[in-house]
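Here are some notes to read alongside the sequence and the model. Take the points in order, and keep the 3D view open as you go.

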Amino acid sequence: YHMGRELFRLADRHGKDYCLGPTHEEMVTDLVAAQSNLSYKQLPLRLYQVTRKFRDEPKPRFGLLRSREFYMKDMYTFDASEEAAHCTYGLVCDAYCRVFKALGLRFVQVQADTGSIGGTMSHEFQLPADIGEDRLAVCPAGHFAANMEMISTEQTACPTCGEPLTLTRGIEVGHTFYLGTKYSSVLNAYFYSAENKLRLAEMGCYGLGVTRILAAAIEVLSTEDSIRWPSLIAPYQVCFIPPKKGSKEEKGAPLMERLYEDLAEAAPQLAGDLVLDDRTQLTIGKRLKDANKLGYPYVIIAGKRVCDDPPAFEVWSQNAGEVMFLTREGVIELLSKVQVP
């Protein structure tokens, strides 16, 4: 009932009440509580899933940023002591930081309200963005960051260094909670200690918004006319655009096809990440616009300079906002360095 009106409620044909899961602390804790004779030797337990969640948002908006159905990676941890639970909390926060760094997204970890989930400590992972719903107060030197819900309006300076706090907005993409025994005490999630005594498990819960990260990444990286994905989650890495059929540059088409094959061989990690747009009845400009809408990190065009000696390909590095003219060898050298998951 702490979820309030965001809890999706429904009744079946027999009049029985149900709800759609907004989060799963109770279910997972009940699952662990059902394991009789759980020993401290089996802890820590770190149980995670990637699944759909449902929340009856009052005003679904911003596309996938705030929707009533979404995908989340959530994890529930069970430790033998408060100290061990705090250690787990730190490990998960570090892992989340590495995720966002690997994606190349600028983020800030801020102190946050525990809200309806509860617990005694909570942090949000926020992507700074003007469209963001959350208001944040951040120390420019990196000593302190908090959701404005956590601080008084009178607090304008960093409590560590005294520098004025910078106010910004952010999109929440991850959340961590230290729960203590809030759920284990209610649902009887016990374990046997080294002294063979029953003890309540210390818990934490953690979430990464999978669909939220996709939408937020587009929001913070893209331009008005071009989607830009973090390279690690781009649907494809490279799009090849050969010349239009019947154009002066058409003799460069075989060079483009050979480059496609040579790159696939030279960079096997890109296998399955290369797209050849063979709609040669369309102009290069039309296909480049389509490529911009799909968000390929690299677009390679056989344009006018493909007729030069040596032939040069037009290479758009979309995330860097750069256009280069490279020989076949130059293209292969550049793209061989691209890392994909």
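At what angle do α5 and helix α7 pack, and how far apart are their axes?

1. Before you start. This is a predicted model, in which local features need pLDDT of at least 70, side-chain atom pairs count only at pLDDT 80 or more, and totals for chains, interfaces and linings use all residues. Residues are numbered from 1 along each chain as its sequence is written, and side-chain values use heavy atoms, with hydrogens and water left out.

2. The whole protein. You will find seven helices and 17 strands; these are DSSP runs numbered from the N terminus, helices being H or I of at least four residues and strands E of at least two. The radius of gyration, taken over C-alpha atoms, is 26 Å, well over the 20 Å that the globule rule gives for 341 residues, so the protein is more spread out than a compact globule. That rule is 2.2 Å times the number of residues to the power 0.38. Along its principal axes the C-alpha trace spans about 80 × 50 × 50 Å. Of the 341 residues, 43% count as buried, where buried means under 20% relative accessible area, exposed over 50%, and partly exposed in between, with a 1.4 Å probe and protein chains only.

3. The helix pair. Helix α5 and helix α7 (residues 328-335) pack at an angle of about 35 degrees, with their axes 10 Å apart. Axes here are lines fitted to C-alpha atoms, for helices over the stretch in contact, and angles run from 0 to 180 degrees between N-to-C directions. R258, L259, D262, L263 and A266 of α5 meet R328, V331, I332 and L335 of α7; contact means heavy atoms within 4.5 Å. In α7, G330, V331, I332 and L335 are buried, and the buried residues of this helix pack against β13, α5, β15, β16 and β17.

4. The five-stranded sheet. An open sheet with mixed pairing has the strand order β14-β13-β15-β16-β17; two strands pair if DSSP finds at least two bridges between them. At the edges stand β14 (274-276) and β17 (322-326), each with a single partner strand, so one side of each is left without a neighbour in the sheet. From one strand to the next, the twist averages 20 degrees. Strand β13 (residues 238-241) pairs with strand β15 (residues 298-301) in the parallel sense over four bridges, and F240 stands opposite I300 in β15. Helix α5 (residues 253-266) packs on this sheet, touching β13, β14, β15 and β16 (313-317).

5. Two loop residues. Is S193 buried or exposed? At 9% relative accessibility, S193 counts as buried; this residue is found in the loop between β10 (190-192) and β11 (198-200). By contrast, P310 is exposed, with a relative accessible area of 52%, and its place is in the loop between β15 and β16.
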